[in-house]
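The entries follow the order in which I looked things up.

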Amino acid sequence: MRFMVMIKSDERADSGVMPTEEELTAMGRYNEELVKAGVMLAGEGLHPSAKGARVKFTDGKPTVIDGPFAEAKELIAGFWLLDVKSKEEAIEWVKRVPCTDGAEVNIEIRQVFEADDFGEAFTPELREQDAQLRLAEQNGS
Amino acid sequence: MPTLETHRAIDAVWRIESARLIAGLTRMVHDVGLAEELAQDALVAALEQWPESGVPDNPGAWLMAIAKRRAIDQFRRRETLDRKVTEIGRDLETQELPTAEPDFDAIHSNISDDLLRLVFISCHPVLSTEARVALTLRLLGGLTTEEIARAFLTPEPTIAQRIVRAKKTLAQKKIPFEVPAASELGERLASVLEVVYLVFNEGYSATGGENWMRPALCEDAMRLGRMLAELVPKEPEAHGLIALMEIQASRSRARTAPDGTPVLLNDQDRSRWDQLLIRRGLAALERAAALEQPMGPYVLQAEIAACHGRARTPEDTDWPRIAALYARLVQLVPSPVIELNRAVALSMAFGPEAGLAIVDELTELPSLKSYHLLPSVRGDLLAKLGRRDEARQEFERAASLTRNERERALLMKRAAE
């Protein structure tokens, strides 16, 4: 089963302070461990929210709000997509994330829906759309 | 922490740590059977202690420390083995005791080598293929005997026996715990890749029983395959194998209809293919290509799978390329089954007659007499040519030969069309 593991940001990181070389090395090693164990499907770090945007829908109408956003602790700074046997295994891996600078770091673990989990609501037409999107993404990049 | 929750956590720790633990211990005690027993002892200790104490900060190091202590106890009891006690004692002195911080430096310096040695010893040619499969899943996949038995629909005592005998054989024949020399590396690696792919295939197209797929086995094989590609990153075939598995697995959701019947490639709803796995497969193929060596059997098969993975619709499939790849594959691995696949590709590229010519030649071969896919393919080609009666006979024959219930039903349906 797949889990999305999201590491949350904080004021320092979201203001654009880059991680130290030491932190980057530790994270690099950790990622290498995940890859070597065959459990990491994907993983990326994200730019501060100042470089992002939000699209809010009100009564079906989109409004674009540019970053940065308040409540840095609720923002996502990076993610992994793990392929593991159980939620417990995902937790065991996440307990090994190098977080050594003493500050509070929050990491959220969420199981990924598979198309089958949606049951009837995920109609063949929706599936078709979903795949066309993914194909376009694959071939576009 | 409640006991049940702790037990689940211990299962998870075991899955993560057991291979490294057994690999490290085998290097110390020079006996893979004993190493596994020691690791099991450590697991039992964890099951006893962790529900009280909680899971330690560095569970891997905790398990290793316990296992080493047991090793010393055991050797002291067998006083004749003084020499080994000294060796382990020395080993213990030079290694750090567990601290709260995982010591990735120590892991990096030798665990990869030990794991690779464990891979090669588990898949050693002195063992039967069945024994290699069981031992690999047990030692490297972290599966219990019960899990392996369930996966292969085999009674648990049979698997347990198989593992015990395999470990005994390795000890009796004094098989060294080492990475083979360059001169035999190719052949030995082929044996490893074969075992992993066998596990995958057992999950992907179950040879017996009611279900067409056993996804857990596919996942175990893919995890082993990904591990292996990182252990031997300069071997294109290791990347080829994982590419092949990722791309094949990308189709698992589309291979079965809601009622459990299999759906053939060209009838599959491609919107259900897992694009993440396809991308990963293509990336693995790029890594193989970057090594600039001639394509081996797994790379070729993965390239064929990639032709399907890239095609948005069945009509977009590059069949001439697939036929050409099969032609190269059959040169490397002369096999009537591959020739049969080439016939299918040719029929898709250039019409059913082109394929039927090859299939008709194959029907003469005694080795394919009871291979259900031969009449199945022949039936399909005949149906396309409008030769209905001959086609029906072939589908019926195929149905009588398959061992899979779901597949039999599908073939009977085609016979009745």
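This is a predicted model: local features need pLDDT of at least 70, side-chain atom pairs count only at pLDDT 80 or more; totals for chains, interfaces and linings use all residues.

Entry 1: I looked up E292(B), which is found in the loop between α12 and α13 (297-310) of chain B. E292(B) has 7 other C-beta atoms within 10 Å and is therefore exposed. Its phi is positive, about 50 degrees, although E292(B) is not a glycine. I then stepped back to A290(B), which lies in helix α12, residues 275-290, of chain B. A290(B) counts as exposed because it has 10 C-beta neighbours inside 10 Å. From A290(B) to K234(B) I noted 9.6 Å, C-alpha to C-alpha, for two residues that are 56 residues apart in sequence.

**Entry 2: backbone details in chain A.** D59(A) is found in the loop between β3 (53-58) and β4 of chain A, and it counts as exposed because it has 4 C-beta neighbours inside 10 Å. In the loop between β4 (61-66) and β5 of chain A I found P68(A), which is joined to G67(A) by a cis peptide bond with omega at about 0 degrees.

**Entry 3: the two chains in outline.** For chain A I recorded four helices and six strands, in the order β-α-α-β-β-β-β-α-β-α from the N terminus on. Of its 141 residues, 19% count as buried. Among the contacts in chain A with a separation of 6 or more, 72% are between residues 24 or more positions apart. Chain B has 19 helices and zero strands, and its C-alpha trace spans about 80 × 45 × 40 Å along its principal axes. Buried residues make up 44% of the 417 residues in chain B, and residues 24 or more positions apart account for 60% of its contacts with a separation of 6 or more.

**Entry 4: the largest nonpolar core.** Which residues touch the most other members of this core? I noted L82(A), A67(B) and V196(B), out of 129 residues in the core. Helix α1 of chain B, residues 3-29, gives the most to this core, with 13 residues. The core also draws at least three residues from each of domain 1 (1-98) and domain 2 (318-417) of chain B. Leaving aside neighbours within four places in sequence, I listed the contacts of A67(B) as L21(B), L25(B), L38(B), A39(B), D41(B) and A42(B).

**Entry 5: α1 and α2 of chain B.** I next took α1(B) with helix α2 of chain B, residues 32-53, and found that they pack at an angle of about 150 degrees, with their axes 9 Å apart. The two helices are therefore roughly antiparallel to each other, and α1(B) passes α2(B) in a right-handed crossing. Among the residues that meet across this pair are W14(B), L21(B) and L25(B) in α1(B), and L38(B), A39(B) and W50(B) in α2(B). I also looked up D11(B), whose place is in helix α1 of chain B. D11(B) counts as partly exposed because it has 19 C-beta neighbours inside 10 Å.

**Entry 6: α3 of chain A.** The buried residues of helix α3 of chain A, residues 87-94, are E88(A), E89(A), A90(A), E92(A) and W93(A). What covers them includes β1 (2-8), α2 (21-36), β5 (76-83) and β6 (107-111) of chain A, together with α1 of chain B.

**Entry 7: α16 and α17 of chain B.** Last I looked at helix α16 (residues 352-362) and helix α17 (residues 373-384) of chain B, which pack at an angle of about 145 degrees with their axes 10 Å apart. Here α16(B) passes α17(B) in a left-handed crossing. The residues that meet include G355(B), L356(B) and V359(B) in α16(B), and V377(B), R378(B) and L381(B) in α17(B).

Methods. Residues are numbered from 1 along each chain as its sequence is written. Chains are lettered from A and ligands numbered from 1 in the order in which they are written. A residue is buried if 20 or more other C-beta atoms lie within 10 Å of its own, exposed if 12 or fewer, and partly exposed in between; C-beta atoms are placed from the backbone. A nonpolar core is a set of buried Ala, Val, Leu, Ile, Met, Phe, Trp, Tyr and Cys residues joined through C-beta atoms within 7 Å. Domain bounds come from an automatic or database domain assignment. Two residues are in contact if their C-beta atoms, placed from the backbone, lie within 7 Å. Axes are lines fitted to C-alpha atoms, for helices over the stretch in contact, and angles run from 0 to 180 degrees between N-to-C directions. Angles under 35 degrees count as roughly parallel, over 145 as roughly antiparallel, 65 to 115 as roughly perpendicular and the rest as oblique. A crossing is left-handed if the near helix is turned anticlockwise from the far one by less than a right angle, and right-handed if clockwise.
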